[in-house]
Every structure is written in structure tokens, then in C-alpha cells.
Amino acid sequence: MSTKQTIIGEALPNIPWENKPVGYTEALWRYSRNPVIDINPIPCAQSIYNSAVIPFNDKFVGVFRVDYKSCMPFLHTGRSQDGLKWDIEHERIQFVCDDPEIAKMVYAYDPRVCKIEDDYYISWCNCYHGPTIGLAKTKDFKTFYQLENAYLPFNRNGVLFPRKIKGKYLMLNRPSDNGHTPFGDIFISESEDMIHWGRHRFVMGAGGQWWQGTKVGAGPNPIETTEGWLLIYHGVLNTCNGFVYNMGAALLDIDEPWKVLYRTNRYILNPELPYETTGKTPNVAFPCAALVDAPTGRMAIYYGGADTYTCIAFAQVDELIDFIKANSEVF
């Protein structure tokens with residue numbers, strides 16, 4: 001357990017947690033009972049993965065990517081007492097939207113949830129003549145108000161910061177194409193109103209090592225620490241057998257988070273176990289959410305395994321930051 005408080009945030013004493021296995025030396029370790037959501041979890045779904053979880057009313061709530069048996073993805077809410085056993089709504093979220101131009105839901109996938117002040121914001125990959133970033137907000141996870149799409153197509157991995165910086169909302173994102181993007185760098189954009197996004201700045205690109213040589217994309221919402229914004233991201237390797245999605249980590253400057261202070265030159269987790277290597281898309285460990293308990297430094301990272309399962313890995317933030325600094329190089 002951490003002896004100092006590195007995370008700038010609140011206590012979460014009921015965080016899902018499992019101690020690191022004795023003798024294990026890596027910075028992240030997997031939950032021994034993964035996956036926490038298995039295949040065919042509710043009647044309409046073949047799989048639930050790449051989803052977002054957040055504390056709510058002393059329990060946990062999530063916005064989940066649910067792939068239907070038509071293979072089309074949509075968003076559903078779910079609730080849990082402990083963050084491990086989930087009750088997923090059988091009906092998808094019906095967004096309240098005043099503009100029919102953007103209200104039509106063709107597909108929705110890879111959501112994130114971020115609390116900013118008194119609202120919970122949902123970002124996801126939305127379809128508007130191709131993939132872009134959809135936005136909505138809620139206070140109760142019952143009524144969701146859809147906002148304008150943040151960007152023109154094509155864009156993915158829209159990830160909000162949990163507070164304004166210099167009076168502006170900030171969002172990480174990855175410009176892409178209309179397919180299974182074989183490229184991608186992370187950028188940051190700012191907004192005064194969650195509608196108009198601009199002042200786009202480059203954050204980090206693919207390359208440096210093979211494990212992240214094809215593309216990179218932001219994962220959970222950045223976590224504020226005394227050492228900078230802790231960002232968990234995915235880095236993709238292109239092999240002769242297809243893409244491999246690994247996890248990496250970085251520290252960004254607190255006031256100018258497009259500036260990368262440290263970035264891992266090796267992955268912190270890569271697909272190894274059957275629920276990561278075998279599924280609809282083999283060899284994927286895709287992080288989308290993280291819970292943290294500030295006083296103890298405990299972290300639980302939710303990730304999608306093989307585009308089929310929902311899984312959890314754990315870390316101590318102090319240990320992870322030490323790992324990032326010890327295994328970093330200038331890009």
C-alpha cells in the first residue's frame with residue numbers, strides 16, 4: 001500500500017481490489033477472476049467490452065459497449081455494488097436530443113464517462129457520415145442529453161479531462177479514417193462550452209518501439225497526480241498476423257497537458273491470456289476506464305479483452321509512476 005498520497009482526488013474505499021501476487025514484479029497485474037463480464041451477458045448481446053465505469057452514490061455505474069447479435073454496437077447503462085458483478089440494462093440508452101440532424105443513432109462504441117463539476121459527461125465513437133466523437137451529459141444515469149458531435153469525421157478515442165484547465169474543457173482524441181485505422185496519433189483540443197472545439201495540439205505519436213509503432217489512442221480519463229496527469233493509453237503493433245493492442249502509460253504536464261513529461265518505452269500489459277488472445281478480435285487489451293482511491297494509491301483499470309470480454313487489472317499509482325519514469329525515453 002502507498003505511504004504517500006500521489007493522486008489528487010477523493011477516497012474510494014470500496015474500489016475493486018486484489019493484492020499483487022507474491023513474487024510478481026510487473027507494474028500491472030490482472031484480476032484472478034477475469035473476465036468480469038463474459039460472453040453473451042444479456043439476451044440482446046453477444047459481448048460487452050471497451051466500456052466505462054465510474055463511482056456513483058457510493059456504488060458504481062457504467063456505460064457499456066454492447067455488441068448486438070446483429071454485430072452492431074450501442075450503449076447501455078449498468079450498475080454494480082462492488083464494481084465486479086454487473087447488472088446491465090437490457091435496453092440501450094435513448095438519448096434526449098433537440099436536433100434530429102445528430103439524433104439518429106447508427107452505432108455507438110468505446111464510451112468513456114467523466115465527471116466534471118456536477119455533470120457526468122459521456123463521450124463515445126458516434127456515427128455521423130463516419131466515425132466521430134459523440135458527447136452527452138447526465139446527472140442521474142437515467143436521462144442523457146446528447147450534445148453536438150465534437151469533431152468532423154473521422155475521429156476516435158475522445159477522452160475528457162476531469163476538470164477545466166485555464167478555464168477550458170480539454171479532450172484527447174485521435175484523428176483517423178473510415179476503416180480499421182492503420183495509423184493514429186493523439187491530439188488535444190479545447191472548448192469553452194463543450195460544443196465548439198479548437199486549438200488542437202499534438203500530444204504524442206506512434207513509433208519509437210514496435211509495440212506502439214502503428215498507432216496510439218487515449219484510454220481512461222487522465223488521472224491528476226502530484227507528478228502530472230497520468231494517462232493510460234493503448235499502443236498498437238502491426239504483425240504478420242494482424243494488430244496487437246497493448247497498454248502503455250505516460251505523464252503529461254499539469255497545466256499544458258499536450259506536453260509529455262514521461263512515456264513508457266515498453267508496454268505495461270500486453271495480450272497473453274486466453275480472454276485477451278482469443279475472441280472476436282484476437283490479441284487486444286484495450287483500456288477505457290480507471291477507478292482510483294486517492295489515500296491508498298490503488299487503481300483498478302477496466303479493459304476490453306479480444307473485443308469480447310470486460311476485464312480488470314490493478315496497480316499502485318506510486319509504483320506505476322516510478323515504472324514510467326524508469327522506463328521512459330524522449331520521443
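These legends describe close-up views of a predicted model.

**View A. The largest pocket and its centre.**
The largest pocket holds about 870 Å³ of space. Its lining is made of 32 residues. Closest to the centre are E10, I54, P55, K115 and V292. By class, the lining has 22 nonpolar residues, 4 polar and 6 charged.

**View B. The second largest pocket and its centre.**
About 600 Å³ of space lies in the second largest pocket. Here 31 residues form the lining. R65, Y109, D110, H180 and D307 are the closest to the pocket centre. At least two lining residues come from each of β2, β3 (59-68), β6, β7 (119-127) and β10 (155-160). The class count for this lining is 12 nonpolar, 10 polar and 9 charged.

**View C. Strand β11 and its pairing with β10.**
Strand β11 spans residues 169-175 and is mostly covered. Of its 7 residues, 6 are buried. β11 pairs with β10 in the antiparallel sense. The pairing runs over 4 bridges. One place to look is V159, whose bridge partner in β11 is L172.

**View D. Strand β11 and its pairing with β12.**
β11 also pairs with strand β12, residues 186-191. This pairing is antiparallel and runs over 5 bridges. N173 has F187, in β12, as its bridge partner.

R199 sits in strand β13, residues 197-204. Its relative accessibility is 45%, so R199 counts as partly exposed. Beyond its neighbours within four places in sequence, R199 is in contact with I188, S189 and E190. The side chains of R199 and E190 are joined by a polar contact of 3.1 Å.

**View F. R199 and T225, C-alpha to C-alpha.**
This view takes in a second residue, T225, along with R199. The two are 26 residues apart in sequence. In space, their C-alpha atoms are 25 Å apart.

Key: Residues numbered from 1 in each chain as written. Predicted model: local features only at pLDDT ≥ 70, side-chain atom pairs only at ≥ 80, totals over all residues. Heavy atoms only, no water. 1 Å grid on protein atoms, 1.4 Å probe; cavity = no way out; pocket = protein on both sides within 12 Å on 5 of 7 lines; lining within 4 Å. Points joined across faces, edges and corners; volume = space filled by probe spheres on them. Nonpolar A, V, L, I, M, F, W, Y, C, P; charged D, E, K, R; others polar. Buried < 20%, exposed > 50% of the residue type's maximum accessible area, 1.4 Å probe, protein only. Contact = heavy atoms within 4.5 Å. Polar contact = N/O pair within 3.5 Å; in protein donor to acceptor, adjacent residues only side chain to side chain. Pairing = 2+ DSSP bridges.
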